[in-house]
Amino acid sequence: MTRLDLRGVPCPLNFVRTKLQVEQLAPGDCLEVWLDAGEPIQQVPPSLEMAGHHLRQMTEQPEGYFALVVERGHPPTESAS
């Protein structure tokens with residue numbers, strides 16, 4: 001599994017970097033992301049889910065950061081109108 005260390009990266013740049021990396025994966029593949037406590041962990045997971053990806057795991061590490069496992073969602077399908 002690929003790991004993306006975004007400790008020390010401010011919002012919204014950490015979300016943008018995570019989203020770009022996740023979108024390079026095949027649907028169903030996972031990425032491990034390391035984020036700081038506070039605003040990053042409050043903002044990035046819900047933003048990823050709103051973008052159609054799935055948060056599989058979120059673990060607080062003893063060193064004070066959070067490790068997320070994000071699964072790439074399937075691309076949105078256009079509905080016929």
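**Close-up views of the predicted model**

**View 1. V16 counts as partly exposed, at 37% relative accessibility.** Partly exposed lies between buried, which is under 20% relative accessible area, and exposed, which is over 50% (1.4 Å probe, protein chains only). The structure is a predicted model, in which local features need pLDDT of at least 70 and side-chain atom pairs count only at pLDDT 80 or more, while totals for chains, interfaces and linings use all residues. Residues are numbered from 1 along each chain as its sequence is written, and side-chain values use heavy atoms, with hydrogens and water left out. V16 sits in helix α1. Helices (H or I, at least four residues) and strands (E, at least two) are DSSP runs, numbered from the N terminus. Together with L13 and L20, V16 makes a nonpolar surface patch of about 240 Å². Such a patch joins nonpolar side chains (Val, Leu, Ile, Met, Phe, Trp, Tyr) within 5 Å, and like charges would be joined within 9 Å; its residues have over 30% relative accessible area and no salt bridge. Accessible areas come from the Shrake-Rupley method with a 1.4 Å probe, and for residues only the protein chains shown count as cover.

**View 2. Helix α1 spans residues 13-22 and has N14, T18 and V22 as its buried residues.** These buried residues line one face of the helix, because they fall within an arc of 60° when seen down the axis of α1. The arc is taken from the directions from the helix axis to the C-beta atoms. An α-helix has 3.6 residues a turn, so residues three or four places apart point the same way. The cover over the buried residues of α1 includes β1 (2-5), β2 (30-36), α2 (39-50) and β4 (65-71). In the loop between β1 and α1 lies P12, and the peptide bond from C11 to P12 is cis, with omega near 0°.

**View 3. The largest nonpolar core contains 14 residues.** L6, L31, V33, L35, I41, L68 and V70 have the most contacts inside this core. Two or more residues each are given to the core by β2, α2 and β4. A nonpolar core is a set of buried Ala, Val, Leu, Ile, Met, Phe, Trp, Tyr and Cys residues joined through side-chain atoms within 4.5 Å. Leaving out residues up to four places away in sequence, L68 touches L31, E32, V33, L35, I41, P45, L55, Q57 and M58. Contact here means heavy atoms within 4.5 Å.

**View 4. Four salt bridges are found in the whole structure.** A salt bridge is a side-chain nitrogen of Lys or Arg within 4 Å of a carboxyl oxygen of Asp or Glu. One of them joins R3 and E32, at 3.4 Å from N to O. This pair links distant parts of the chain, with R3 in strand β1 and E32 in strand β2, 29 residues apart. E32 is buried, at 18% relative accessible area. Another salt bridge joins R7 and D5, whose closest N and O atoms are 2.6 Å apart. R7 is partly exposed at 37%, and D5 is partly exposed at 37%. K19 and E23 also form a salt bridge, with 3.0 Å between the closest N and O atoms. K19 is partly exposed at 27%, and E23 is partly exposed at 34%.

**View 5. T59 belongs to strand β3 (residues 54-60).** With 30% relative accessibility, T59 counts as partly exposed. Apart from neighbours within four places in sequence, T59 is in contact with Y65, F66 and A67. T59 and H74 are 15 residues apart in sequence, and their C-alpha atoms are 24 Å apart in space.
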